[in-house]
Amino acid sequence: MAVVVIKNQCDGCEVCLDSCPYDAIEMIDGVAYINEKCTLCMACLEACPVEAIISEESETELPELEKDAYSGVWVFAEQRQGKISSVVAELLGAGRKLADAQGQKLTAVLFGHEMEPSARDLVHYGADEVIYVDDPILAQFNDGPYASVLSDLIEKRRPGIVLAGATFMGRSFIPSVASRISTGLTADCTALDIDPETGDLLQTRPAFGGNIMATIICPRHRPQMATVRHKVLTPAVRDIHHKGEVHIINGAGNGRIDEKTQVLEVVEEIMDTVNLAEADIIVSGGRGLRDSEGFKLIEELAVLLGGAVGASRSAVDSEWIPYSHQVGQTGKTVQPKLYIACGISGAVQHLAGMQSSDVIVAINKDPDAPIFDVSTYGLVGDLFQIIPQIIKSVKVQRGEV
Amino acid sequence: MNIVVCIKQVPDTTKVKINPETNTLIREGVESIINPFDHYAIEEAVRLKEAHGGTVKVMTMGPPQAETALREAVSLGADEAYLVSDRAFAGSDTWSTAYTLAAAIRNLGDTDLILCGKQAIDGDTAQVGPSLADQLDIPFVAFVRKVRTITDTELVVERVFEEGYEVVQSPLPALITVVKEINEPRLPSLKGKMKAKKCEIVMVSRSELEVEDPYLGLDGSPTRVVKIFSPDLKRAGEKLEGEPQDIAEKLVRNLRDQKLI
């Protein structure tokens, strides 16, 4: 495979130069030339207005596999301390649509110990079938055993699609499952669809810090695997009348369980407010807060709205608030329903972590701050005056004052 | 202790902007940098070497100009640098990248520990580390925030998750991917810079690796990018200006109308 320019079709417009994320196109004699920096990302194919850039298939392609041998949509039902994670309802909601689009079965896969009621409850979220592997070794997450057991199940039962949450757990062990069974995996998807013509799973995800979106397929391998970002897809609604089968597999062992790593201890760190990844509302503070005292105001608003506290990198680097609150490229990526950025100028670094939020409110005294470019509502002024007024107004509207 | 650090040269995405008229990336003035998370991996490797002895080999797979990233890693304390580069590797997805890197690492001989940054900021997948460990058939721990102890045969680390951290023990050889909290990377020393200038970059091409062509590059990659587009991030962008009380009330009304609060 190679990306090439049809020389006599190129009109030298140079649009492709800007489209290339890798600086791999140069102009030679007024015609685009693809140099050795090309990573075959194909961005230029879309950009070229005269269709002068094409991809050439080479002849070493692997043979088509029998796609029909793989059927059904699997959702990995992640649990911690015996509690099913909230991302699972979202995966089942998305999985239901994908299964229906293909007329196939939706299966939830649960690993744990003494969790039969939870396994049965997964049916109420739309699963036609639940595969529950019960073993003390699976009570707590450990990469080796989880990867071995899931790989074995996939190889035996051959699902067409496998979805997992793009959580710390999913992003840790799912890549090794995909590697073991030699199939493709798309990380951190924000949209999933079935291509009506080919039946392939269209996996859309942000890249380059959210500056571009890419749709990815896995055309010649099965299953098609994806991890899915939390809080993006609509969760399945619990319906106690939904019926499905529950298969309980007692004991994970077949001699191939890989137990090289051992989890010695699990430490839950107590947070003042809700987990950032799960919060519907996030109130974030930046350099404009001036010092750690400023975060008290942010916390007050966050608590009032039932939200979590976020921060920009500069606030974290100034040690006003711990790193676990940092939103942005080197912190957390969040996508709440409401993001309130207070005293944050909006460096691309920060925008990368929050620009996909549904509604963004920015409070900043600089009317030209870049944060206003991505904001639904931009409040220009002193946050130390505006936030207390917001707090007051919320209380008044709720009849608390 | 033989330590290998895998790094990636990436465009500085914090400087990537979208041209609003053409909806394309503006690359002008965007430089290539060492993936920020890989700096923590390099630093941790150098600290382990300083405490326990051994060598730090830094490796990257990429086009020829990725050499600058390797030289920078040497200036930060790495001892040897390997550039895995060949047209045959172009377009590799995470699976093929891990497959190719695994072959290159096997050629280095005994390795006790492999470090990677938790993810690269261009693709943001966080998949190459775990996949590489699987290809090499060694244990791994992803998202490590602290190396508690390390001996010749095992290490104990802290791995972050949503609600806290887990203490994980693994035998060596092993692979870990590291998060930002693990350390504060140093700046290159003058001596380091001199060393980086003179350091030989070992080139590793297709012919030196025990790999099979159908698994290399884009052709060997299970996944394919079929479409790239700009996210629709432009918002109504209503600016509220005026007295703090007025704009605060207007905002709260709007948010309540939309049932957001």
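Okay, housekeeping. We're looking at a predicted model, where local features need pLDDT of at least 70 and side-chain atom pairs count only at pLDDT 80 or more, while totals for chains, interfaces and linings use all residues. Residues are numbered from 1 along each chain as its sequence is written, and chains are lettered from A, with ligands numbered from 1, in the order in which they are written.

Let's start with chain A. We have 10 helices and 22 strands there; helices are DSSP runs of H or I with at least four residues, strands are runs of E with at least two, and both are numbered from the N terminus. The C-alpha trace of chain A spans about 70 × 65 × 40 Å along its principal axes. Of its 401 residues, 52% count as buried. Buried here is 20 or more other C-beta atoms within 10 Å of a residue's own, exposed is 12 or fewer, and partly exposed is in between, with C-beta atoms placed from the backbone. For contacts, the C-beta atoms of two residues, again placed from the backbone, have to lie within 7 Å. Take the chain A contacts between residues at least 6 apart in sequence: 64% of them join residues at least 24 apart.

Now chain B. That one has six helices and 15 strands, and its C-alpha atoms fill a box of roughly 70 × 40 × 40 Å along the principal axes. Of the 261 residues in chain B, 55% count as buried. With contacts between residues at least 6 apart in sequence, 69% in chain B join residues at least 24 apart.

For the record, nonpolar is Ala, Val, Leu, Ile, Met, Phe, Trp, Tyr, Cys and Pro, charged is Asp, Glu, Lys and Arg, and the others, Gly among them, are polar.

The chains also pair strands. Strand β22 of chain A, residues 377-380, runs parallel with strand β15 of chain B, residues 238-240, over three bridges; pairing needs at least two DSSP bridges between the strands. A:Leu379 stands opposite B:Leu240 in that pair.

Then there's the sheet I'd like you to find on screen. It's open, has 10 strands and mixed pairing, and the order is β17(A)-β11(B)-β10(B)-β9(B)-β12(B)-β8(B)-β1(B)-β6(B)-β7(B)-β13(B). Which strands stand at the edges? Those are β17 (262-268) of chain A and β13 (201-204) of chain B, each with a single partner strand, so one side of each is left without a neighbour in the sheet. From one strand to the next, the twist averages 30°. Inside that sheet, β10(B) (154-161) and β11(B) (164-171) are antiparallel over eight bridges, and B:Val157 has B:Val168 as its bridge partner.

Is B:Lys180 buried or exposed? Buried, because 20 other C-beta atoms lie within 10 Å. Leaving out residues up to four places away in sequence, B:Lys180 touches A:Tyr323, A:Thr330, B:Phe37 and B:Tyr40. B:Lys180 and B:Ala41 are 139 residues apart in sequence but 9.1 Å apart C-alpha to C-alpha.

Last topic: helix packing. In chain A, α7 (294-305) and α10 (383-397) pack at about 20° with axes 10 Å apart. Axes are lines fitted to C-alpha atoms, for helices over the stretch in contact, and angles run from 0 to 180 degrees between N-to-C directions. So α7(A) and α10(A) are roughly parallel; that word covers angles under 35 degrees, with over 145 roughly antiparallel, 65 to 115 roughly perpendicular and the rest oblique. Residues meeting there include A:Leu297 and A:Leu301 from α7(A), and A:Ile387 and A:Val394 from α10(A). The residues of that contact come out as seven nonpolar, no polar and one charged.

In chain B, α2 (67-75) and α5(B) pack at about 140°, axes 7 Å apart, and are therefore oblique to each other. Among the residues that meet are B:Arg71 and B:Glu72 in α2(B), with B:Lys193 and B:Lys195 in α5(B). This contact divides into two nonpolar, two polar and four charged.
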